Amino acid sequence: MRQALSRRVYRIAAARVDGARVALACLAGYAGLVLGGCSVTMPITSIGADRDVTGSTTPRSISPLSPDLGTEDWRRAKAAMAVALDPQGNGAVVNWDNPDTLLKGTFAPVGSPFVKNDLVCRAFIASLGGQDETKWLQGSACRPSGEEWTVQDVKPWRKPA
C-alpha cells in the first residue's frame, strides 16, 4: 500500500511538473509572438509621389549663403571660401563652379583676419551666379584654429556705383 501511495504521489507530482512545463512553454511562445511584433518594421509610403507640405516645418537650407545651392554646390563653395579666407593666403579672389548645376561664384577676403571669442574670423564678399543673375553677398566666417570655416553672418551687398 505504501508503494502504491508513493507511485500515486509521484504521478501527481510528475503531472504537475509536466503541466507547468507545458504552461511555461505556451507562455514563452505567446510572449515571443507578442513581443516579436514590436521589432518588425515596415516602410509606410504613400501611393502617390507627391508629398504634402505643411506649415509646421520649414526645409533646412544646405548653405547659409543661399537656398539655391545644393549639397555639391555648397561643398565646392565652402572649399573656395576656405582657400580665400586662409590667414596664410595671399588675399586673392577664389572662384568655384559646378558644371552639373551651372552655378558658380567667388569669394574675396575683405581686410585682415581678426580674433573673436577665441576664433579666427575674416570678412568676405561673395558672388553667386547662375544663368540668369548674379547675387552679391557680404559676411564673415570664423573657425577654431585648424578646423573648418563657419559662416557667422551674411547679407546682400550692393556694388558701389
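## Close-up views of a predicted model

**Figure 1. Contacts of Leu65 in the predicted model.** Setting aside neighbours within four places in sequence, Leu65 is in contact with Trp74, Phe107, Phe124, Leu128, Leu137, Val151 and Val154. Contact means heavy atoms within 4.5 Å. This is a predicted model, in which local features need pLDDT of at least 70, side-chain atom pairs count only at pLDDT 80 or more, and totals for chains, interfaces and linings use all residues. Residues are numbered from 1 along each chain as its sequence is written, and side-chain values use heavy atoms, with hydrogens and water left out.

**Figure 2. Overall layout and confidence.** The protein has two helices and five strands. Along the sequence they follow the pattern α-α-β-β-β-β-β. Helices (H or I, at least four residues) and strands (E, at least two) are DSSP runs, numbered from the N terminus. Mean pLDDT is 78, and 61% of the residues reach 70 or more. pLDDT is the predictor's confidence in each residue, from 0 to 100. Confidence is lowest in helix α1 (residues 2-36), at a mean of 59. It is highest in β1, at 95. Where pLDDT is low, the predicted coordinates should not be read in detail. Of the 161 residues, 22% are buried. Buried means under 20% relative accessible area, exposed means over 50%, and partly exposed lies in between (1.4 Å probe, protein chains only). The protein exposes about 12500 Å², with carbon and sulfur atoms supplying 56% of it. These areas come from the Shrake-Rupley method with a 1.4 Å probe; for residues, only the protein chains shown count as cover. Among contacts between residues at least 6 apart in sequence, 33% join residues at least 24 apart.

**Figure 3. The largest nonpolar core.** This core holds 19 residues. Leu65, Leu69, Trp74, Met81, Trp96, Phe107 and Phe124 touch the most other members. The elements giving two or more residues to the core are α2 (71-85), β1 (94-98), β2 (103-116), β3 (119-129) and β4 (134-143). Helix α2 gives the most, with six residues. A nonpolar core is a set of buried Ala, Val, Leu, Ile, Met, Phe, Trp, Tyr and Cys residues joined through side-chain atoms within 4.5 Å. In soluble globular proteins, nonpolar side chains tend to be buried together.

**Figure 4. Helix α2 and its buried face.** The 15 residues of α2 should span 21 Å at 1.5 Å a residue, and the end C-alpha atoms are 21 Å apart, which agrees. The expected span is 1.5 Å times one less than the number of residues. Asp73, Trp74, Ala77, Ala80, Met81, Ala84 and Leu85 are buried in α2. Seen down the helix axis, the buried residues of α2 fall within an arc of 125 degrees, so they line one face. The arc is that of the directions from the helix axis to the C-beta atoms. On the other side of α2, Thr71 and Val83 are exposed. Cover for the buried residues of α2 includes β1, β2, β3, β4 and β5 (150-156).

**Figure 5. Ala141 in strand β4.** Ala141 lies in β4. At 0% relative accessibility, Ala141 counts as buried. Beyond its neighbours within four places in sequence, Ala141 is in contact with Met81, Leu85, Val120, Cys121, Arg122, Phe124, Trp149, Thr150, Val151 and Gln152. Ala141 and Cys121 are 20 residues apart along the chain, with their C-alpha atoms separated by 5.6 Å.

**Figure 6. Leu119 in strand β3.** Leu119 is placed in β3. Its relative accessible area is 25%, so Leu119 is partly exposed. Not counting residues up to four places away in sequence, Leu119 touches Phe114, Cys142, Arg143 and Pro144. Leu119 and Pro144 are 25 residues apart in sequence, yet 4.9 Å apart in space, C-alpha to C-alpha.

**Figure 7. Pro156 in strand β5.** Pro156 is found in β5. Pro156 counts as exposed, at 68% relative accessibility. Its contacts, leaving aside neighbours within four places in sequence, are Trp136, Leu137 and Gln138. Pro156 and Leu65 are 91 residues apart along the chain, and their C-alpha atoms are separated by 9.6 Å.

Figure 8. Leu102 sits in the loop between β1 and β2. Its phi is near 65 degrees, a positive value in a residue other than glycine. Leu102 counts as partly exposed, at 46% relative accessibility. Asn117 sits in the loop between β2 and β3. Phi of Asn117 is near 55 degrees, again positive in a residue other than glycine. At 68% relative accessibility, Asn117 counts as exposed.
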